[in-house]
Amino acid sequence: VCFIPGGLDCSISFISHVLGKVCVHGRQKEILSVLVPRLTDLTKSDCIWQRICWRLVECVPDRWMEAVVLGFVQRAPGADVLSRLLGNLVVKNKKAQFVVTQKMLLLQYGHTTAVLQNLLGYLALDSLRRALLIKVLKELLETWGSSSAVKHSPPEQQQYISKAILICLSHLKEPEIESCRQELLTSMMEGVKCHLDSNLPQIRRLGMIVAESISSKINTDGPVLKFQYEEDDEARELKSLLVQTPPFCVVPGPPDDDRNDKTDAALPGELESNKKSHPAAPVKPEEESDAELDSDDDLIPYDMSEDKELKTKAPVYIRDCIEVLTGSEDVDKWEATVKALESLVRKNPAATREVSVELAKIVLHLEEKTCIEGFVELRQRAQVAILTTDPIPVAKYLTSQFYSLNYSLRQRVDILDVLVLAAQELSYPKSHGKTKHSDAQKPCIQLLPGSDSSKDWRTIVDERIKNKTRRFATGQSQVERASGPNEFNSVAGHFFFPLIQHFDRPLTTFDLLGEDHFVLGRLVHALAILMYLAVNTVAVTAMGKALLEFVWALRFHTDSYVRQGLLSCISSVLLSVPAERLLEDVTEELLEAQSWLGDVVEKDPDGDCRRLALQNLLLMENLKKKLQTVPS
């Protein structure tokens with residue numbers, strides 16, 4: 001920084017042009033890492049240098065203003081420093097105002113939380129700029145409450161906007177909150193509805209946290225919104241943004257030695273005063289104490305350490321379970337039945353098959369009568385046991401009920417979960433691997449006992465071979481791979497095709513293609529898993545063809561969770577259907593899917609969707625290479 005001697009007037013527009021051109025050509029870091037600390041020190045106590053600095057940034061041409069402003073915001077150590085360096089630039093310059101209030105907040109989302117705090121704190125530090133702070137908050141809330149923005153913008157951008165809203169709220173004063181209370185309330189109601197409708201847990205939690213924060217600001221005296229969600233580091237960080245952290249300053253105090261001396265000198269006096277201020281409690285006369293004694297205190301309590309809780313015996317027959325679950329008023333017996341149902345079903349497969357559909361219906365509609373720990377898991381495991389014991393009729397019943405009337409969304413999701421878990425159990429072998437031990441008994445010839453050669457001759461030979469054999473490494477004991485028939489082979493179609501048939505038929509209380517897109521997302525993911533588990537089954541090719549047609553019909557769905565499931569379906573088809581069948585039977589569908597995957601990789605706003613689409617393209621490329629290497 002040059003000093004002009006003699007108090008002469010000078011223009012610094014040339015320096016502003018140089019600064020702007022250097023920043024816009026990619027040398028922003030090099031020049032501002034030196035200039036910003038120097039200007040920070042010079043403007044700390046000199047108002048003339050503050051005016052020079054303001055003039056420096058005001059004279060930057062508009063075409064270079066963005067690079068300069070962005071560099072100052074990123075490198076300023078705090079909002080107060082940024083206010084000294086930029087002054088009221090955002091009020092005087094429209095380009096700087098657009099960069100600060102629009103581009104950095106609504107069009108970009110890669111800046112750190114510290115940059116956001118600098119930016120919004122800068123707007124809040126001057127009365128002329130506070131009007132822009134209110135304007136920014138309203139625009140952020142409008143974007144946050146837009147259902148289109150929630151569906152089409154990535155989660156990272158929504159988190160960025162949520163942070164900006166919370167920082168703005170932390171800077172609002174009571175008169176400003178009072179003036180826009182109704183607008184804040186309206187925006188909160190619209191925004192929280194959009195976020196709670198999302199299928200992504202991260203988006204729903206963002207909506208809850210922001211709504212709680214707005215509610216706490218506009219209802220300081222009355223009741224506020226309160227949601228239940230997991231309190232992790234991210235949630236705590238977001239909530240901390242609502243509380244302003246004042247700049248760190250050292251408050252001068254007395255020297256440590258004097259303070260310690262005073263403390264030490266005060267200790268004996270304090271102890272004496274404490275002793276005097278707490279006299280011993282007066283002893284009550286015996287008559288009063290005897291009168292206050294309760295007569296029950298003389299009774300000796302019974303020793304109940306050996307007592308055992310009486311346990312209700314669970315039913316031992318399947319039909320008894322049905323009677324207890326449908327009509328029994330004995331709560332203990334009902335609880336014992338729920339806990340024992342899964343094991344009872346697996347132990348009595350023949351009896352279960354006689355009443356499998358009826359039992360599946362009862363368990364599907366089973367409601368919790370008492371507070372049983374893990375009730376949902378117990379009910380789900382019982383349903384899986386019934387379905388694996390008698391797959392075809394129970395699968396037909398469950399898949400038909402998925403599209404029936406008068407079921408809650410929770411029950412429909414339960415049906416999907418049970419179908420997937422049962423399919424996994426049926427597709428995996430039931431026998432576990434057995435370890436071959438070297439000392440396993442084998443058929444051998446026994447010699448006469450009592451002689452020196454009474455040892456097993458095979459053991460003697462093995463020991464001699466072992467002693468004369470050089471081993472460089474000892475391998476682990478071999479584990480037999482679990483083997484057994486794939487029970488899902490014959491029933492895969494009963495699990496899969498009924499679920500894929502009626503997805504486009506809206507019911508009075510159930511619309512998969514409308515507002516119930518959360519269940520649609522779960523359905524799509526369930527179909528992907530069923531397709532993956534159907535590898536090497538007879539119906540796998542027909543399932544793959546039907547699933548690709550299903551994906552093609554829903555490929556432009558607005559919900560990212562549904563699109564992720566559709567991309568998982570394509571992965572399952574590529575991994576499960578034999579390559580020869582893909583080439584012969586579903587060539588046209590694969591070519592259409594390939595062009596769509598290319599568009600997803602380039603244009604989809606969701607990062608997980610882009611990643612899954614790229615994986616599918618790599619799978620197709622590997623499949624193509626594999627088919628080219630096979631001799632004709």
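These notebook entries record what I looked up in the structure.

**Entry 1. Basis of the model**

I worked from a predicted model, in which local features need pLDDT of at least 70 and side-chain atom pairs count only at pLDDT 80 or more, while totals for chains, interfaces and linings use all residues. Residues are numbered from 1 along each chain as its sequence is written, and side-chain values use heavy atoms, with hydrogens and water left out.

**Entry 2. The chain as a whole**

I began with the secondary structure and found 31 helices and zero strands in the chain. Helices (H or I, at least four residues) and strands (E, at least two) are DSSP runs, numbered from the N terminus. I then looked up burial: of the 632 residues in the chain, 41% are buried. Buried means under 20% relative accessible area, exposed means over 50%, and partly exposed lies in between, with a 1.4 Å probe and protein chains only. For contacts, defined as heavy atoms within 4.5 Å, I took those with a separation of 6 or more; residues 24 or more positions apart account for 74% of them.

**Entry 3. Cysteines**

I looked for disulfides, each being a pair of cysteine sulfur atoms within 2.5 Å. The structure holds zero. I also noted the accessibility of two cysteines. Cysteine 53 has a relative accessible area of 1% and is therefore buried. Cysteine 180 has a relative accessibility of 5%, so it counts as buried.

**Entry 4. Helices H4 and H7**

Two packed helices are described by the angle between their axes and the distance between the axes. The axes are lines fitted to C-alpha atoms, for helices over the stretch in contact, and angles run from 0 to 180 degrees between N-to-C directions. I read an angle of about 60° for helix H4 (residues 79–86) packing with helix H7 (residues 113–124), and their axes are 8 Å apart. H4 is therefore oblique to H7. Angles under 35 degrees count as roughly parallel, over 145 as roughly antiparallel, 65 to 115 as roughly perpendicular and the rest as oblique.

The crossing of H4 and H7 is right-handed. A crossing is right-handed if the near helix is turned clockwise from the far one by less than a right angle, and left-handed if anticlockwise. On the H4 side I listed Ala79, Leu82, Ser83 and Leu86 in the contact, and on the H7 side Gln117, Asn118, Gly121 and Tyr122. By class, this contact of H4 with H7 has four nonpolar, four polar and no charged residues. Ala, Val, Leu, Ile, Met, Phe, Trp, Tyr, Cys and Pro count as nonpolar, Asp, Glu, Lys and Arg as charged, and the others, Gly among them, as polar.

**Entry 5. Helices H12 and H13**

I next took helix H12 (residues 181–196) and helix H13 (residues 201–218), which pack at an angle of about 160° with their axes 9 Å apart. H12 and H13 are therefore roughly antiparallel to each other. The crossing in which H12 passes H13 is left-handed. From H12, the residues in contact are Arg181, Leu184, Leu185, Met188, Val192, His195 and Leu196; from H13, they are Ile203, Arg204, Gly207, Met208, Ala211, Ile214, Ser215 and Ile218. By class, I recorded ten nonpolar, three polar and two charged residues in the contact of H12 with H13.

**Entry 6. Residues within helices**

I located serine 170 in helix H10 (residues 155–171). Its relative accessibility is 9%, so serine 170 counts as buried. Leaving aside residues up to four places away in sequence, serine 170 touches Lys217, Leu241, Leu242, Val243 and Gln244.

Glutamate 358 lies in helix H20 (residues 356–364). At 42% relative accessibility, glutamate 358 counts as partly exposed. Between glutamate 358 and isoleucine 322 I noted 36 residues in sequence and 8.6 Å in space, C-alpha to C-alpha.

Alanine 526 is in helix H26 (residues 517–533) and is buried, with a relative accessible area of 4%. Not counting residues up to four places away in sequence, alanine 526 touches Leu416 and Val420. Alanine 526 and glycine 565 are 39 residues apart in sequence and 8.5 Å apart in space, C-alpha to C-alpha.

**Entry 7. Asparagines with positive phi**

I found that asparagine 406, a residue other than glycine, has a positive phi near 65°. Asparagine 406 is in the loop between helix H22 (391–402) and helix H23 (409–427), and is exposed at a relative accessible area of 71%.

Asparagine 536 also has a positive phi, of about 70°, although it is not a glycine. The loop between H26 and helix H27 (540–554) holds asparagine 536, which is exposed, with a relative accessible area of 69%.
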